[in-house]
Amino acid sequence: LQLVQSGGGLVQPGDSLRLSCRFSGFSVDYYAIGWFRQVGRRREGLACIDCTEGQIYINPAVKGRFTATRDSAQNTVYLQMDSLTPDDTAAYYCAADFPGTPLDSFTTNSWGQGTQVTVSS
């Protein structure tokens with residue numbers, strides 16, 4: 001199982017970014033997919049596809065700015081992030097776990113390699 005992330009980088013406040021997480025070795029349709037970000041030791045769940053919370057769940061803290069989508073044909077999931085602020089600066093990760101896993105209960109070993117997002121003027 002391999003998750004390969006792309007996207008991220010340095011952007012200015014108000015900009016948008018799209019992160020990608022491409023799956024290989026298994027179908028993106030058969031797992032719960034979570035997006036997380038981490039600052040230091042603090043990890044925050046941002047969005048989830050096919051988790052306990054629903055088919056697509058967005059953390060209220062970023063709802064309205066972040067969206068998560070799945071492209072089965074490309075075997076890839078995306079995190080679209082709009083109206084970015086410096087508080088969004090973090091390392092971002094995707095992960096796959098059993099369908100129906102709660103976003104705050106991911107215990108999987110299947111994680112993307114992470115990508116840094118820095119929002120600064």
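Strands here are DSSP runs of at least two residues, numbered from the N terminus. With that in hand, I can say where things sit. One caution before I go on: this is a predicted model.

I'll start with a loop residue, Thr101. Thr101 is found in the loop that joins S9 to strand S10, the latter being residues 110-111. Is Thr101 buried or exposed? Its relative accessibility is 11%, and the cut-off for buried is under 20%, so Thr101 counts as buried. A polar atom of the Thr101 side chain lies 2.6 Å from the backbone oxygen of Phe98. If we set aside residues up to four places away in sequence, Thr101 touches Ala32, Cys51, Thr52, Glu53 and Phe106.

Cys51 on that list takes us to the disulfides. How many are there? The count comes to 2 disulfides. Cys51 pairs with Cys48, and in the model their sulfur atoms are 1.4 Å apart. Cys48 has a relative accessibility of 0%, so it is buried. Cys51 is buried too, because its relative accessible area is 7%, against a cut-off of under 20%.

The other disulfide is between Cys21 and Cys94, with the sulfur atoms 2.0 Å apart. This link is right-handed, with 70 degrees about the S-S bond. If you number the bonded cysteines in sequence order, the pairing reads 1-4, 2-3.

Now the nonpolar cores. Which residues of the largest core touch the most other members? That core has 27 residues, and the answer is Phe23, Trp35, Phe66, Val77, Leu79, Met81 and Tyr92. Several strands give two or more residues to this core, among them S3, S4 (32-39), S5 (42-51), S7 (66-71) and S8 (76-81). S9 and S11 (115-119) are also on that list.

Take Phe66 as a case. Leaving out neighbours within four places in sequence, Phe66 is in contact with residues including Leu46, Ile58, Leu79, Met81, Leu84 and Tyr92. Its contacts also include Arg37, Gln80, Asp82 and Asp88.

There is a second, separate core of 7 residues, which includes Ala32, Phe36, Ala95 and Leu103.

Terms used. Residues numbered from 1 in each chain as written. Predicted model: local features only at pLDDT ≥ 70, side-chain atom pairs only at ≥ 80, totals over all residues. Heavy atoms only, no water. Disulfide = S-S within 2.5 Å. Buried < 20%, exposed > 50% of the residue type's maximum accessible area, 1.4 Å probe, protein only. Helix = DSSP H or I, 4+ residues; strand = E, 2+ residues; numbered from the N terminus. Polar contact = N/O pair within 3.5 Å; in protein donor to acceptor, adjacent residues only side chain to side chain. Contact = heavy atoms within 4.5 Å. Core = buried A, V, L, I, M, F, W, Y, C linked by side-chain atoms within 4.5 Å.
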